[in-house]
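Thanks for asking me to look this one over.

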Protein chains: 2
Amino acid sequence: MAAAGKEGRLAGLQERYGALIETELRRALAGRELAHYSLMRYHLGWEDRDGRPHQWFRGKMLRPLLCLASCEAVGGDRERALPAAAALELLHNFSLIHDDIEDGSPQRHGRDTVWQVWGIPQAVNAGDGMFALAHVTLHRLSAVGLPAEQVMAVARLLDEASLRLCEGQYSDLSYEQRLDVRCDDYLEMVAGKTAALMAASAGSGALIGNAPNAVVALFQEFGRNLGFAFQIRDDILGIWGEAEETGKLTGEDIRARKKSFPVVYALEQAAADDRQTLQSIYGKREMDDNDVAEVSAILQRLGAHAHSQKMAAEHAARALHHLEGLDLVPERHRDLEALADYFVNREA
Amino acid sequence: MAAAGKEGRLAGLQERYGALIETELRRALAGRELAHYSLMRYHLGWEDRDGRPHQWFRGKMLRPLLCLASCEAVGGDRERALPAAAALELLHNFSLIHDDIEDGSPQRHGRDTVWQVWGIPQAVNAGDGMFALAHVTLHRLSAVGLPAEQVMAVARLLDEASLRLCEGQYSDLSYEQRLDVRCDDYLEMVAGKTAALMAASAGSGALIGNAPNAVVALFQEFGRNLGFAFQIRDDILGIWGEAEETGKLTGEDIRARKKSFPVVYALEQAAADDRQTLQSIYGKREMDDNDVAEVSAILQRLGAHAHSQKMAAEHAARALHHLEGLDLVPERHRDLEALADYFVNREA
């Protein structure tokens, strides 16, 4: 089956790059003995809360995979992209540590979040430390032989993306208080919160692979559109996903009154009475089970699930469209297609 | 009088560089319309909480002053150092926004802190945004003509310092729970929390001024020792400073059970009965006025104020010692001496 073939290809991607990324990430934290770094290792799933080594889970490392596969797709040497791949994963994880504080999430991957274990002050600081560590890690690009101009260009991509990420997070938090969020607002928010770092992942890979500027720009657009696809699918899973697969309670994003894509779509599309119901429920301080059921029923009536999935698929197709006609390494091009397919169809 | 002369010289330093730094900082935030950036402008004292422009206070900009004066002291062009100076100020202020959350401080400069106005989630994110903005600002070094190798070297200094800063903050927070903190522990904490960024300020200035590596290293040591002097004096003001000058309540750091230098010194030097009293008071969840008075009396008996001031002065002397024998621009060398003098003798 085509789907099985693509899933097999994703596993192949992780097999191809996973160990390399993990080694580079562990190098970034090696020899850092201060207990401060134990919080980071805990968050990454490498240690328990008492600092005992234990592989709790493996991150999917989607941003590093995107970076390395993009680098090889343009004929580059993946070894030279590894510090950037690790820096991207650290940037993503710094943002998760802070997101968990900002959203008040007590659990991630089925265990307590950093702030839940160590309190907000140390968790804020652990995130800051991981943000700083991402930059320190990036400097290893010089050690693996990249010329300074190229290191600077990669750093600029990642720094601009980090700034956009914070802008998106600002909007996401502020939308919690608003009932008038429209699909355009949502997409602008996701452009920062998710798509910017995905764009930098693909773009930096192509850049390190010595692609010309125009091709780097196309890879950025590829990554940006993948980011939209990823986030919309994430929103779908946040409402309809299975708890055992995502580690989230089904409907949790409804209960948290998140302005995720299906909800924003419903608020925009609903007829007057349904919209009023939605607004009244989303205007409450807390939702009860009846409220969640009522929201679910409205989303169902409006076909919000199917429409959202269609939007995710459209963004993935748009992403791949940016790579059409480029002279890419065929095997790696297929890997990027598999990644896009995974982003849209993943179950967790 | 010598003292007046030196104060005049500090004012002269601010006159020489203040407007340039402010312009560069405002450039970093110019055109950034998202309300996210209003939190940053509020924190910097440029706007009130409703986003209306208003100069609430002027930051002292000590790190930018250190950077620019160091650059000119080695014969460099201050214009080329401006993006680094602004980035240093943004790094410092990102850490203040997060410190205020971590310490639960409701006020800074006599008005509500960012988290107090906008809540912890947006305040965490505003700090992150300012951290990212510091990096984006640093890239303007390329635009003012620095070669990529030099930009990379400056970025490396600042990134390593940021990581050290988070390490120091980890220790500072963890010391709140500990009663066995010794002067060596304290100095190791300050090496990260304060001295690393001061070292990077002086070092980056010298680097941009094209000083040879050995001289850059001496400027880093100069800045590092200034950092110790600054923090010890800060601790003195936190206990004995006048409320109207520091914007802090006198004794506030005692009440907050901070392991600041005079307290750590007292814990280390006190005879058995005084130490037991201190440990019992610092082991409480909250101090009352009697506790604060008792701690003050013990500090007084041990001469903690005078000893702390002596340590601050010694670090400043050590700082200046690192510059001896270098072929510096005489006027700018005297500016650096004035800065050191200010660090040790400031009243706020």
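1. A word on terms before the interface: buried area is the accessible area, taken with a 1.4 Å probe, that two parts lose on being put together, summed over both. Please also keep in mind that this is a predicted model.

2. With that in hand, chain A and chain B bury about 3,600 Å² between them. Carbon and sulfur atoms account for 70% of that area. In terms of residues, 41 of chain A are in contact with 41 of chain B.

3. What about polar links across the interface of chain A and chain B? The rule finds ten residue pairs in polar contact there, with both residues at pLDDT 80 or more. For salt bridges between chain A and chain B, the count is zero.

4. Which elements of chain A build the side that touches chain B? Those giving two or more residues are α2 (36-43), α4 (78-103), α6 (120-138) and α8 (148-175) of chain A. The most comes from α8(A), which gives 17 residues. By type, the residues on this side of chain A divide into 21 nonpolar, twelve polar and eight charged.

5. Next, the aromatic rings. A search of the whole structure finds 13 aromatic pairs over all chains. One pair to look at is Phe94(B) with Phe131(B): the ring centres are 4.2 Å apart and the planes are at 10 degrees, so the pair counts as stacked. The cut-off behind that word is an angle under 30 degrees between the planes.

6. Where do these two rings sit in chain B? Phe94(B) belongs to helix α4 (residues 78-103) and Phe131(B) to helix α6 (residues 120-138), so their pairing ties together parts that are 37 residues apart in sequence. Phe94(B) is buried, at a relative accessible area of 3%, and Phe131(B) is buried too, at 0%.

7. Do show both chains when you view these rings. Phe94(A), Phe131(A), Phe94(B) and Phe131(B) form one aromatic cluster.

8. Finally, a look at α2(A). How many of the residues of α2(A) are buried? Eight of the eight are, so this helix is largely enclosed by the rest of the structure. The buried residues of α2(A) include His36(A), Arg41(A) and His43(A), along with Tyr37(A), Leu39(A), Met40(A) and Tyr42(A). Just after α2(A) comes Gly45(A), with a positive phi of about 90 degrees.

How values were computed. Residues are numbered from 1 along each chain as its sequence is written. Chains are lettered from A and ligands numbered from 1 in the order in which they are written. This is a predicted model: local features need pLDDT of at least 70, side-chain atom pairs count only at pLDDT 80 or more; totals for chains, interfaces and linings use all residues. Side-chain values use heavy atoms; hydrogens and water are left out. Contact means heavy atoms within 4.5 Å. A salt bridge is a side-chain nitrogen of Lys or Arg within 4 Å of a carboxyl oxygen of Asp or Glu. A polar contact is a pair of N or O atoms within 3.5 Å; within protein, one must be able to donate a hydrogen and the other to accept it, and residues adjacent in sequence count only if both atoms are side-chain atoms. Helices (H or I, at least four residues) and strands (E, at least two) are DSSP runs, numbered from the N terminus. Ala, Val, Leu, Ile, Met, Phe, Trp, Tyr, Cys and Pro count as nonpolar, Asp, Glu, Lys and Arg as charged, and the others, Gly among them, as polar. Rings of Phe, Tyr and Trp (its six-membered ring) pair if their centres lie within 6.5 Å; planes under 30 degrees apart count as stacked, over 60 as edge-to-face and the rest as tilted. Buried means under 20% relative accessible area, exposed over 50%, partly exposed in between (1.4 Å probe, protein chains only).
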